[in-house]
Amino acid sequence: MNLTEKIEVAKQLERLKVDVIEAGFAIASPGDFSAVKAVAETIKDCTVASLSRAIEKDIDSAYDAVKGAVSPRIHTFLATSPIHMKYKLSMEPDAVIERIEAMVAYAKKKCSDVQFSAEDATRSDKDFLVKAVDAAIRAGATVINIPDTVGYTTPEEMFTLIQYLKEHVQDIDKVELAVHCHNDLGMAVANSLAGIRAGATQLEGTINGIGERAGNCAIEEAVMAMNTRRDLFDADCRIDTTQIYRSSKLLSSIIGQPVAANKAIVGANAFAHEAGIHQHGVLAERTTYEIMTPESIGLPKNKMVLGKHSGRHAFEERLNYLGYQLSNEEMEQAFVRFKDFADKKKNVFDSDIDAIVAEKAVPVVEKYHLDSFVVQSGNHIRATATIQLSTDDATYQEAATGEGPIEAAYHAIEKITGKVYPLEQYSINAISGGEDALGEVVVKIKHQGHEITGRGLSTDVIEASLLAYLNGINKISANHF
């Protein structure tokens with residue numbers, strides 16, 4: 001994500017009412033520092049944290065990045081498992097304890113809210129972990145995090161570990177106790193919920209479960225599990241569940257990673273019933289096969305269909321019903337796109353409106369604008385494309401060939417820009433059903449070691465492909481990465 005995209009996601013997380021946004025690793029690069037700083041200065045209703053190793057320069061950078069936040073937090077970490085201490089840190093256990101105490105104390109001098117994470121806690125010796133946690137609390141930590149860094153543990157083990165810490169760490173009840181679980185064995189959500197049942201008070205995760213390797217605990221799954229099974233979980237949170245679906249769609253759109261249809265809570269099939277016996281039961285009484293409602297995560301109950309005769313009032317009403325709060329300028333841009341698509345397809349569905357709004361959620365300065373394209377392709381001829389692009393002061397036209405119409409069109413664009421952008425990934429998705437469905441194309445192109453995501457939307461998949469490629473190029477031209 002570029003800076004603008006990170007800010008947009010942070011604003012949506014604020015609407016979702018998460019308690020803490022960990023905005024990044026400030027020391028990692030100037031870009032990361034700028035992103036953390038920008039999020040910290042933008043967000044007003046969440047704590048904003050920056051990650052740092054247990055090193056003074058990391059902590060300095062983290063604080064400098066978040067100090068402008070309404071509620072800043074420094075999150076420092078050090079590994080406590082035998083394998084990490086020996087092979088990664090090359091430190092003796094006593095030295096690790098000393099470092100934890102010294103660096104948490106150092107962070108505490110800068111910021112009143114300090115989180116300490118015992119990296120690879122679930123593979124650590126329990127008694128040594130107790131010493132590490134105790135040292136962090138003595139030094140001033142306000143949050144203690146127990147990460148399952150490599151997704152190794154099981155729910156039973158996580159439950160037991162949290163209980164053990166609560167029983168053996170003297171002042172554990174004076175701090176927030178967090179769990180941070182990875183999904184390598186597919187148990188991140190289950191492990192996180194086991195930690196909550198054992199007494200943890202902070203759950204860490206991500207939208208759609210994205211993250212390192214197989215990802216992190218999926219926030220939407222954990223939250224809805226707690227809401228649905230209140231009989232099991234003596235815990236609550238302030239998450240506005242009606243913002244879950246919108247958060248998922250926004251993130252998916254920005255990073256170009258579609259949500260699997262069978263994904264729990266936010267997948268396209270999460271509330272679909274195909275089996276006859278299921279359909280019969282739901283028609284008779286929804287709770288026979290639905291343990292939560294689509295509306296509870298922000299999916300509208302009334303599937304209103306708009307068309308080319310629908311006016312601005314109907315469009316605005318639908319946006320309001322779907323939960324969007326757009327400025328006058330954003331509303332105007334969305335309405336223009338809606339009318340454009342309504343002229344090309346019979347019906348415009350809620351999923352189409354979601355895509356239209358997401359397309360303009362993160363504005364990009366257009367150095368290159370697509371004026372027109374002509375492609376010729378067939379199974380016995382080499383594909384040819386003629387592309388016309390315009391900039392603020394000129395119009396350019398080039399033709400090129402390729403193995404297919406998309407490759408030919410991209411080669412023509414490369415001729416105009418004078419640069420080659422290696423295509424790392426290309427995917428296409430139909431937003432809604434029918435032959436006239438909107439096609440959403442997502443591309444990832446390489447530039448100076450960065451992977452830039454471009455997105456295009458059109459009823460014509462070739463046009464969507466060109467718009468996606470140009471979207472990525474325009475991000476590069478505007479340094480939006």
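Predicted model: local features only at pLDDT ≥ 70, side-chain atom pairs only at ≥ 80, totals over all residues.
Helices (H or I, at least four residues) and strands (E, at least two) are DSSP runs, numbered from the N terminus. I went by that and got 16 helices and 13 strands for the protein chain.

Next I checked the overall build. The radius of gyration, taken over C-alpha atoms, is 25 Å, close to the 23 Å that the globule rule (2.2 Å times the number of residues to the power 0.38) gives for 481 residues, so the chain is as compact as a globular protein of that length. Along its principal axes, the C-alpha trace spans about 70 × 60 × 45 Å.

Residues are numbered from 1 along each chain as its sequence is written, and side-chain values use heavy atoms, with hydrogens and water left out.

Then I looked inside. I found that 50% of the 481 residues count as buried (under 20% relative accessible area, 1.4 Å probe, protein chains only).

I looked up the nonpolar cores too, meaning sets of buried Ala, Val, Leu, Ile, Met, Phe, Trp, Tyr and Cys residues joined through side-chain atoms within 4.5 Å. The largest has 54 residues, and Ile100, Val104, Phe116, Val133, Ile144 and Ile146 touch the most other members. Helix H6 (residues 126-139) gives the most to this core, with 9 residues. I also noted a second, separate core of 35 residues, including Val39 and Ile219.

Last, I picked out Val104: its contacts (heavy atoms within 4.5 Å) include Thr76, Phe116 and Ala136, not counting residues up to four places away in sequence.
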